[in-house]
Amino acid sequence: MSDDSPVSRGFRGRRKPESRAARVPPGQHLVDDFPVLSAGPTPATSLETWTLALQERGSLLAKWTWKEFNALPQTTTIVDIHCVTTWSKLDTEWSGVSFDTLLAAAGLMEPPATFVMAHCDGGYTTNLPCEDLLGGKGMIATHYDGEPLAPDHGGPARLLVPHLYFWKSAKWVRRLRFMDEDEAGFWEANGYHMYGDPWREQRYTGD
Ligand SMILES: Nc1nc2c(c(=O)[nH]1)N[C@H]1C(S)=C(S)[C@@H](COP(=O)(O)O)O[C@H]1N2
Ligand SMILES: [Mo]
């Protein structure tokens, strides 16, 4: 179809708003600001003592200091995020280290277990299938919109798993603990869904 065809022009004209709406999961609405949702106070962690660890059954698989972590290959991604409290935000830009890169840096060919629990400063936890972090689907983000991640949004580093409800994107993450069986994290033990797919509206236990 040629570029000056009225059919093509009309199609493109309608397409943009439609495609934005198509990116909003059921029961969600778009916001332009970036709300802060935290179950407790924002912890203050010194970059001198910050470490990120991979752990399995009580044993340490790998650990990076802030300096070591930032020397790992970095990736940038632009994704839509969906909070269970019904706000969604399109085209958010994040940089950091993908879970794939982290595994490789730890000398692991694949995750050593089926599930993972993210542990954070302040005590927050959330559980995920490892599969949901693979293939570029999950990362440890240190930058938002080209700037170091603000403390309220999880700085210095947070998990980012945008295809699941945003409570799975653990702020101030410090440790990923591999688990053979799925265990409930903080919100999951308080009535939220174990998986949390926004496209299937898996908000609460039983959804
Ligand atoms: N450590 C920690 N991570 C957390 C939370 C929290 O309370 N503590 N809240 C979760 C919830 S419910 C949401 S919606 C997002 C909010 O991230 P934001 O404050 O950057 O918007 O962080 C998630 N990660
Ligand atoms: Mo949330």
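User: Over which residues is the pLDDT below 50?

Analyst: The protein chain of this predicted model averages a pLDDT of 93, and 91% of the residues score at least 70. Where pLDDT is low, the predicted coordinates should not be read in detail. That caution applies to one stretch which, beyond near neighbours in sequence, has six contacts in the model, and the stretch with pLDDT below 50 is residues 1-14.

User: Is the peptide bond from Gly 155 to Pro 156 cis or trans?

Analyst: Pro 156 is placed in the loop between strand E9 (147-148) and strand E10 (158-160). Most residues other than glycine have a negative phi, and most peptide bonds are trans. For the bond from Gly 155 to Pro 156, however, omega is near 15°, and the bond is cis.

User: Is Pro 156 buried or exposed, and why?

Analyst: Leaving aside neighbours within four places in sequence, Pro 156 is in contact with Leu 47, Trp 50, Trp 66, Ala 141, Thr 142 and Leu 149. The relative accessible area of Pro 156 is 16%, and because buried means under 20%, Pro 156 counts as buried.

User: What separates the C-alpha atoms of Pro 156 and Ala 141?

Analyst: Ala 141 lies in strand E8 (residues 139-144) and is buried, with a relative accessible area of 0%. Not counting residues up to four places away in sequence, Ala 141 touches Pro 156 as well as others, including Trp 94, Ser 95 and Gly 96. Pro 156 and Ala 141 are 15 residues apart along the chain, and their C-alpha atoms are separated by 8.4 Å.

User: Which kind of aromatic pair do Phe 34 and Trp 87 form?

Analyst: The structure holds 16 aromatic pairs. In the one formed by Phe 34 and Trp 87, the rings are 6.2 Å centre to centre with 70° between the planes. The pair links distant parts of the chain, with Phe 34 in the loop between strand E1 (29-30) and strand E2 (51-56) and Trp 87 in strand E5 (residues 87-98), 53 residues apart. Since planes over 60 degrees apart count as edge-to-face, the pair is edge-to-face.

User: Why is the pair of Trp 50 and Trp 66 assigned to its class, and what is that class?

Analyst: The ring centres of Trp 50 and Trp 66 are 5.0 Å apart and their planes stand at 85°, so the pair is edge-to-face. This pair also links distant parts of the chain, as Trp 50 is in the loop between E1 and E2 and Trp 66 is in helix H2 (residues 66-70), 16 residues apart. To restate the class asked for, the pair is edge-to-face.

User: How many of the residues that line the largest pocket are charged?

Analyst: The largest pocket has a volume of about 510 Å³. Of the 27 residues that line this pocket, the closest to its centre are Leu 37, Ser 38, Ala 39, Tyr 124 and Trp 187. The lining divides into 17 nonpolar residues and seven polar ones, and the number of charged residues is three.

User: What is the phi of Trp 172?

Analyst: Trp 172 lies in the loop between E10 and strand E11 (173-179), and at 8% relative accessibility Trp 172 counts as buried. Trp 172 is a residue other than glycine with a positive phi, and the value is near 55°.

Key. Residues are numbered from 1 along each chain as its sequence is written. Chains are lettered from A and ligands numbered from 1 in the order in which they are written. This is a predicted model: local features need pLDDT of at least 70, side-chain atom pairs count only at pLDDT 80 or more; totals for chains, interfaces and linings use all residues. Side-chain values use heavy atoms; hydrogens and water are left out. pLDDT is the predictor's confidence in each residue, from 0 to 100. Contact means heavy atoms within 4.5 Å. Helices (H or I, at least four residues) and strands (E, at least two) are DSSP runs, numbered from the N terminus. Buried means under 20% relative accessible area, exposed over 50%, partly exposed in between (1.4 Å probe, protein chains only). On a 1 Å grid over the protein atoms alone, a cavity is a set of points where a 1.4 Å probe fits but cannot get out, and a pocket is an open set with protein on both sides within 12 Å along at least five of seven lines; lining residues have an atom within 4 Å of a point. Grid points are joined across faces, edges and corners, and a volume is the space filled by probe spheres set on the points. Ala, Val, Leu, Ile, Met, Phe, Trp, Tyr, Cys and Pro count as nonpolar, Asp, Glu, Lys and Arg as charged, and the others, Gly among them, as polar. Rings of Phe, Tyr and Trp (its six-membered ring) pair if their centres lie within 6.5 Å; planes under 30 degrees apart count as stacked, over 60 as edge-to-face and the rest as tilted.
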